[in-house]
Amino acid sequence: MSLHPDQVLREIKSGKYQPVYFLQGEEPFYIDQIVDFIEDNCIPETEKGFNQTIMYGKDVTMAQVITNARRFPMMAERQVVIVKEAKDIQDINKEEGQKLLMDYLEKPVPSTVLVFGHKHKKVDGRKPLSKALSKHATLITTAKLREHEVPGWIEQYVKGKGIAIGYESVQLLTEYLGNNLERLSNEISKITINLKKGEEITPQLIQKYVCINKDYNVFELQKAISQGNVLKANQIVNYFAANIKANPIIPTIAVLFSYYSKLLLVHGAKDKSDGGLARALKLPPFVVKEYKMAANRYSLGKVIQCIAVLRDADLKSKGVESGSMSQEDLLKEMVFKLMH
């Protein structure tokens, strides 16, 4: 049966374990959470020497995995067999390897908890194995969050820690860290470890603990560009260029592209009331005023030109017709074109 990761986490945290877990997909965050919890908690520490087996896919065949799974625990209620990097099991994509697993799924050993961490890839949905996993295993298929889903995830994740977070802080984390849940959780932990229950993550705390420079960051660059502040924009660009590894151009392009895309939506919206734009932009009404003011400064034609500049910079940053331009030069050229 296919379940949501949160449901599986609740079950195993309550001490309820299933015979087979198959955890697959592009988003490794939940897979790692479940695998790590089972590894740390499924059986007592004193039993792990005899009754917990950790295997790595590239080192084993399916026959070896199943042989370990069919063993009985030694003087204990159950044993745990975990296969990390399961997508690399030597014969997992071959008929004989898949048949071995399907046979086991039909009659799993009740005293074994068998876990496959199949990160960054899914089993071919057209194969019989996929159907067998859906029917007989606890199956989780993870996907990368879409951009508009990230703020909601951050709010729920922080709330689960008993900490408050406001809209501005959510947007700051979203725009700066993107949809990498592992990185988001790590950076949020850096902040919350210094807070008590009920306290709030503020933009100032994010700047302090997530190493976002208060004066020289992509959001200040965005503000300088939108306000036509050439001096400030050049100061930030030079700061970025002096340490391009810490300030790579691709995330900068992504943040600016998101900004101009929202301005494009403002120009194209039929309902230009604060409420109508809030729904179109998926933003709180009080933030919409900032975008309405920016749309007055940027005509529709200018917004389209800026998006074209960003698309061109994105292609060049990935080596398309970039010639001998460095990342630093490309960044300077992009900002100059956006402002002129």
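Predicted model: local features only at pLDDT ≥ 70, side-chain atom pairs only at ≥ 80, totals over all residues.
A residue counts as buried when its relative accessible area is under 20%. Phe 240, at 2% relative accessibility, is therefore buried.

- Five strands form an open sheet in the order β2-β3-β4-β1-β5, and their pairing is parallel.
- The edges belong to β2 (52-56) and β5 (138-142); each has a single partner strand, so one side of each has no neighbour in the sheet.
- On average, neighbouring strands here are turned by 10 degrees against each other, direction ignored.
- Inside the sheet, β3 (residues 79-84) and β4 (residues 112-119) are joined in the parallel sense by five bridges.
- Val 81 has Leu 114 of β4 standing opposite.
- Helix α2 (residues 28-41) lies across β1 (20-25), β2, β3, β4 and β5, and it runs at about 155 degrees to β4.

**Nonpolar cores**

- The largest nonpolar core has 46 residues, and those touching the most other members are Ile 12, Tyr 21, Ile 38, Trp 153, Ile 154 and Ile 201.
- Helix α2 is the top contributor to this core, giving seven residues.
- Setting aside residues up to four places away in sequence, Ile 12 touches Tyr 17, Tyr 21, Ile 34, Phe 37 and Ile 38.
- Another core, of 38 residues, lies apart from the largest one; Phe 240, Ile 249, Ala 269 and Met 334 are among its members.

**Aromatic pairs**

- You will find ten aromatic pairs in the structure.
- Tyr 239 and Phe 240 make a tilted pair, because their ring centres are 6.3 Å apart and their planes meet at 55 degrees.
- Phe 29, Tyr 30, Trp 153 and Tyr 157 are linked into a cluster by ring pairs.

**Helix α11, from cap to glycine**

- Asn 217 caps the N-terminal end of α11, with a side-chain oxygen 2.9 Å from the backbone nitrogen of Phe 219.
- Helix α11 (residues 218-227) is mostly covered, with seven of its ten residues buried.
- Those buried residues are Val 218, Phe 219, Leu 221, Gln 222, Ala 224, Ile 225 and Ser 226.
- The buried residues of α11 pack against α8 (167-177), α12 (230-242), α13 (249-268), α15 (285-297) and α17 (327-339).
- Gly 228 follows α11 and has a positive phi, near 75 degrees.

- Ser 317 belongs to helix α16 (residues 300-317).
- With 13% relative accessibility, Ser 317 is buried.
- The side chain of Ser 317 reaches the backbone oxygen of Asp 314 at 2.6 Å.
- Beyond its neighbours within four places in sequence, Ser 317 is in contact with Ile 249, Ile 250, Ile 253, Gln 327 and Leu 330.
- For one of these, Ile 253, the C-alpha atom is 9.5 Å from that of Ser 317, although the two residues are 64 residues apart along the chain.

Notes: Residues numbered from 1 in each chain as written. Heavy atoms only, no water. Pairing = 2+ DSSP bridges. Helix = DSSP H or I, 4+ residues; strand = E, 2+ residues; numbered from the N terminus. Axes fitted to C-alpha atoms, helices over the stretch in contact; angles between N-to-C directions. Contact = heavy atoms within 4.5 Å. Buried < 20%, exposed > 50% of the residue type's maximum accessible area, 1.4 Å probe, protein only. Polar contact = N/O pair within 3.5 Å; in protein donor to acceptor, adjacent residues only side chain to side chain. Core = buried A, V, L, I, M, F, W, Y, C linked by side-chain atoms within 4.5 Å. Phe/Tyr/Trp six-rings, centres within 6.5 Å; stacked < 30°, edge-to-face > 60°.
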